[in-house]
Amino acid sequence: MFATIYLPDFYLQATLRHQPDLADKPVALIDDQEKKAIIIQLNSAAGKAGVRIGMTPSQGLARYLDLVIKVRSPSQEKLLQDILLHFAGTLSPYVEATAPGIATVQFTDTRNLTAKVSHVVEQLADSELVPQAGIATTPDASFLAAHLARPVLQIENASEFLAALPIEVLAIN
């Protein structure tokens with residue numbers, strides 16, 4: 001069995017983690033290391049204001065004048081990834097840093113998986129993060145389950161779960 005622990009909008013979570021005053025404001029994130037600055041992540045308030053990923057900051061501001069533009073914070077991202085891996089490592093010694101904001105855990109002991117993973121999700125939430133986790137028989141199925149979890153989803157039959165998914169789910173970034 002596998003569990004994937006996922007921090008949605010990882011770069012945005014890392015940047016805003018210690019700025020609770022921005023929680024309800026429209027916020028867009030750019031990467032200042034790119035040649036052309038474009039919005040790479042945004043919160044739901046910015047999305048509701050008409051801002052979209054791929055816009056330039058000026059296009060975002062044209063949609064919503066009070067949009068807060070933030071720049072990625074690599075140091076905070078590394079810290080968050082370390083926190084994620086630390087907590088994932090409490091579940092099993094078999095942990096992979098799958099991608100930024102994603103850790104995949106392989107279990108040899110499958111007893112009480114949902115309770116164990118839920119506890120780690122709660123610990124991450126106590127650390128001012130928004131985690132989601134999926135549990136399944138394969139790493140890919142656990143990855144997809146994590147994207148759909150609110151906050152933890154265990155899949156017993158991966159074939160049935162995957163067959164019912166719309167094709168749009170495969171466009172997860």
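Where does aspartate 9 lie? Aspartate 9 is in the loop between S1 and H1; helices (H or I, at least four residues) and strands (E, at least two) are DSSP runs, numbered from the N terminus.

## Ground rules

This is a predicted model, so local features need pLDDT of at least 70 and side-chain atom pairs count only at pLDDT 80 or more, while totals for chains, interfaces and linings use all residues. Residues are numbered from 1 along each chain as its sequence is written, and side-chain values use heavy atoms, with hydrogens and water left out.

At 36% relative accessibility, aspartate 9 counts as partly exposed (buried is under 20% relative accessible area, exposed over 50%, partly exposed in between, with a 1.4 Å probe and protein chains only). Glutamate 128, in the loop between H5 and S7, also has a positive phi, near 65°, and is exposed, with a relative accessible area of 53%.

Then there's a cis peptide bond joining arginine 150 and proline 151, with omega about 0°. Proline 151 sits in the loop between H6 and S8. For context, most residues other than glycine have a negative phi, and most peptide bonds are trans.

## Helix H4

H4 covers residues 74-89, and at 1.5 Å a residue its 16 residues should span 22 Å; the end C-alpha atoms are 22 Å apart, which agrees. (The expected span is 1.5 Å times one less than the number of residues.) Buried in H4 are Glu77, Leu80, Gln81, Ile83, Leu84, Phe87 and Ala88. They cover an arc of only 160° around the axis, which puts them on the same side of H4; the arc is that of the directions from the helix axis to the C-beta atoms.

On the other side of H4, Ser75, Lys78 and His86 are exposed. The cover over the buried residues of H4 includes strands S1 (2-6), S5 (94-99) and S6 (102-106), along with helices H1 (10-16) and H5 (113-126).

In H6 (residues 139-148), the buried residues are Ala141, Ser142, Leu144, Ala145, Ala146 and His147. Their cover includes S1, S7 (132-136), S8 (152-154) and helix H7 (158-163).

Proline 57 lies in helix H3 (residues 57-63). Leaving aside neighbours within four places in sequence, proline 57 is in contact (heavy atoms within 4.5 Å) with Ile30, Ala37 and Ile69. The C-alpha atoms of proline 57 and isoleucine 30 are separated by 7.8 Å, though the two are 27 residues apart along the chain.
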